Amino acid sequence: MRRKYSPPHHPQPGLFDGLDDFNERLDRGFEIIPPERMADIARSHAQKPEIDELPPLQASDRVFFMSFGSGSSGNCAYIGDRNSGFLVDAGIDAKKVTSTLQANGITMDRIQGIILTHDHHDHISQAYAILRANRHIRLYCTPRTFNGILRRHNVSRRIKDYHQPIYKEFTFKLGNFEITPFEVLHDGADNAGFFITHTSGHTMAVATDLGCISPRVDFYMRQADSIVIEANYDPHMLATGSYPEYLKARIAADNGHLDNNVTAAFISEIISPRLRNLYLCHLSHDNNLPQIALHTIEEAISQRDDALILLQGLRLVALPRYAATPLYTL
């Protein structure tokens, strides 16, 4: 498993801004292992021990999560509670985001901010459209990420009016959430994951694009009740696929993308009964399949002696590339 920390390379043009967009095909959709299937998997391991269930969240303490799309064609997700929320990235059509939220009873006046993981096109392309239509929303990203947006993308300079600088390892607040940006390795101008804590005590770690498990990723993921982490490619599919060799090397680099095996090995190492939700994001259109990613994770966890406990309490989902997910209660 690639766990060593490598200093990020100097920023280069966004070769990952649309890796899988050649010859667009219909979305393969997404896959979720149904609860009954997870129960069957769990029963197949070891003998049934006593399980201490985590206490359910109270109705007033519920945290919600929804993905509007995840992949090199566009990324955006919603995290919120009954009073407020925010978007993680803004690479999905603004009208789709707004209408999908409204269909789930969430109006845009409850969205307090957009937090950006990095400056690649598939994560920022709709940021200004959302901000311009909802002037109360602020754009939270590091100064280097913001400068990368202005330097590399054709975006109105008026976006400066909405920018709220944030800094890695410095916690900021949005509504009932505390958010701590942390370092991840990818080839953007400046790349961040987010560790999110709700007043209910629920914790969530998000890392959408990264090439290896750095120490900060390891540190925050171990503390999370819910995780969003990349499972970008299957190594065999990438090696035998049609991408040119330089692109294969960039994807597999320590500041590229995570393969299914690395993600699975890491999750199987850190998983405990506290982890209730695991969302696999940014699956490659050409070098992965949802069922392959899910099976790889499932097999890795199944090697644990306590697989029964771990699988019974886990929601495991591969996020869709184009379609919105249901509004999940965490």
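A crossing of two helices is called left-handed if the near helix is turned anticlockwise from the far one by less than a right angle, and right-handed if clockwise. By that convention, H9 passes H10 in a right-handed crossing. Their axes, lines fitted to C-alpha atoms over the stretch in contact, with angles running from 0 to 180 degrees between N-to-C directions, come within 8 Å and cross at roughly 35°. H9 contributes Asn-260, Asn-261, Thr-263, Ala-264, Ile-267 and Ser-268 to the contact, and H10 contributes Ile-292, Ala-293, Thr-296, Ile-297, Ala-300 and Ile-301; contact means heavy atoms within 4.5 Å. These residues divide into seven nonpolar, five polar and no charged.

Colleagues, a word on the basis: this is a predicted model, in which local features need pLDDT of at least 70, side-chain atom pairs count only at pLDDT 80 or more, and totals for chains, interfaces and linings use all residues. Residues are numbered from 1 along each chain as its sequence is written, and side-chain values use heavy atoms, with hydrogens and water left out.

Turning to the whole protein, eleven helices and 15 strands make up its secondary structure; these are DSSP runs, helices (H or I) of at least four residues and strands (E) of at least two, numbered from the N terminus. Of its 330 residues, 56% count as buried, that is, under 20% relative accessible area with a 1.4 Å probe and protein chains only, where exposed is over 50% and partly exposed lies in between.

Met-221 touches, among others, Ile-227, Ile-229, Phe-266 and Ile-270, residues up to four places away in sequence not being counted.

In helix H5 (residues 143–152), Thr-145, Phe-146, Gly-148, Ile-149 and Leu-150 are buried. The buried residues of H5 pack against helix H3, strand E6 and strand E7.

Finally, is Gly-175 buried or partly exposed? Gly-175 is partly exposed, at a relative accessible area of 42%, and is found in the loop between strands E8 and E9. Asn-83 is 92 residues from Gly-175 in sequence, yet the C-alpha atoms are 7.8 Å apart.

Notes:
Nonpolar A, V, L, I, M, F, W, Y, C, P; charged D, E, K, R; others polar.
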